[in-house]
Amino acid sequence: MPAEGRDEGLLLGSHPSRQEENMMNAQPGKVGESARKSATLSNRKEIEQVRILAETVVLVALSGALYLFRFFLLPQGGAVTLGSMVPVFLLTLRRGPRVGMVGGVAFGLVALVEDLYSGVEVIFYPAQVILDYPLAFGVLGLAGFFRRIPILGVGIGVAARFCSHFVSGVLFFASFAPAGMSPFVYSALYNGGFLLPEFVITAALMFVLVRVKALELYL
């Protein structure tokens, strides 16, 4: 092979083709664009998490404030309030059951502190406290599974709270039942006595909020 041919072949072999050059030149741009998209998605996720946290704090605080406005308070705990469950239901119907349950547990702890501050004797056994406060209020978040039918979700949440209080009443408050009355009947009457009107108030307020599309408001 002539020297000139060998030199030309070496030169051709040592330089990338035009297609390879285009790919090499385009690759940094694609990497940069991918990195920008990833950073943008990450920032949006962080902003959304902060927004959810702020919304949870505000709505739990509002529930705690409404819990202080009571039409009547029962001697072993339980009260008919000015729709104190409504903000937590708004939270869970807007953000889903997981966030709603966290907000419900937080609201339950706030309600416990407020009941103690009011002088109501509500602590008898550790398990009873869990059933009557963090668990009973936490299950309100179950409404988040029924976001397309909000009123049904409210009913499910209140029914779940009733079940938690009912079990607590049977297990820990049987001695408060009148002579000859079954602890099951006593617990059902006691807890239904405040949760039924509480449900009516909550359902009425939620109906109004759904009609004005409060679940779709940007916060």
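## Structural report on a predicted helical model

Helix H3 (residues 86–95) is mostly covered, with nine of its 10 residues buried. Buried here denotes under 20% relative accessible area, exposed over 50%, and partly exposed in between (1.4 Å probe, protein chains only). Helices (H or I, at least four residues) and strands (E, at least two) are DSSP runs, numbered from the N terminus.

The structure is a predicted model in which local features need pLDDT of at least 70 and side-chain atom pairs count only at pLDDT 80 or more, while totals for chains, interfaces and linings use all residues. Residues are numbered from 1 along each chain as its sequence is written, and side-chain values use heavy atoms, with hydrogens and water left out.

### Overall organisation

The protein comprises seven helices and two strands. From the N terminus on, these elements follow the order α-α-β-β-α-α-α-α-α. Of the 219 residues in the protein, 37% are buried. Among contacts (heavy atoms within 4.5 Å) with a separation of 6 or more, 71% involve residues 24 or more positions apart.

The two strands, E1 (residues 70–73) and E2 (residues 79–81), run antiparallel and are joined by three bridges; strands count as paired if DSSP finds at least two bridges between them. Leu 73 stands opposite Ala 79 in E2. Five residues separate E1 from E2 in this hairpin, and Gly 77 in the turn has a positive phi of about 95 degrees.

The buried residues of H3 include Val 86, Phe 89, Leu 90 and Arg 94. After H3 comes Gly 96, which has a positive phi near 100 degrees. Val 86 is found in H3 and touches Thr 202, Leu 205, Met 206 and Leu 209, not counting residues up to four places away in sequence. Val 86 and Leu 66 are 20 residues apart along the chain, and their C-alpha atoms are separated by 9.2 Å.

A nonpolar core is a set of buried Ala, Val, Leu, Ile, Met, Phe, Trp, Tyr and Cys residues joined through side-chain atoms within 4.5 Å. The largest such core has 24 residues, and those with the most contacts inside it are Phe 89, Phe 107, Tyr 133, Phe 137 and Met 206. Two or more residues are given to this core by each of helix H2 (18–67), H3, helix H4 (97–117), H5 and H6. The most come from H3, with five residues. A second, separate core of seven residues includes Val 80, Ala 177, Tyr 186 and Tyr 190. In soluble globular proteins, nonpolar side chains tend to be buried together.

### Helix H5

Among the buried residues of H5 are Leu 131, Asp 132, Tyr 133 and Pro 134. Leaving aside neighbours within four places in sequence, Tyr 133 is in contact with Gly 108, Ala 111, Leu 112, Asp 115, Val 122 and Gly 138.

### Selected residues

| Residue | Relative accessible area | Class |
|---|---|---|
| Asn 191 | 5% | buried |
| Val 86 | 7% | buried |
| Phe 176 | 35% | partly exposed |
| Ser 118 | 40% | partly exposed |

Asn 191 lies in helix H7 (residues 183–211). Its side chain reaches the backbone oxygen of His 165 at 3.3 Å. Beyond neighbours within four places in sequence, Asn 191 is in contact with Phe 162, His 165 and Phe 166.

Phe 176 occupies the loop between helix H6 (150–172) and H7. Not counting residues up to four places away in sequence, Phe 176 touches Gln 76, Phe 124 and Tyr 186. Phe 176 and Tyr 186 are 10 residues apart in sequence and 8.4 Å apart in space, C-alpha to C-alpha.

Ser 118 is placed in the loop between H4 and H5. The side chains of Ser 118 and Arg 70 are joined by a polar contact of 3.3 Å. A polar contact is a pair of N or O atoms within 3.5 Å; within protein, one must be able to donate a hydrogen and the other to accept it, and residues adjacent in sequence count only if both atoms are side-chain atoms. The C-alpha atoms of Ser 118 and Leu 73, 45 residues apart along the chain, are separated by 9.8 Å.
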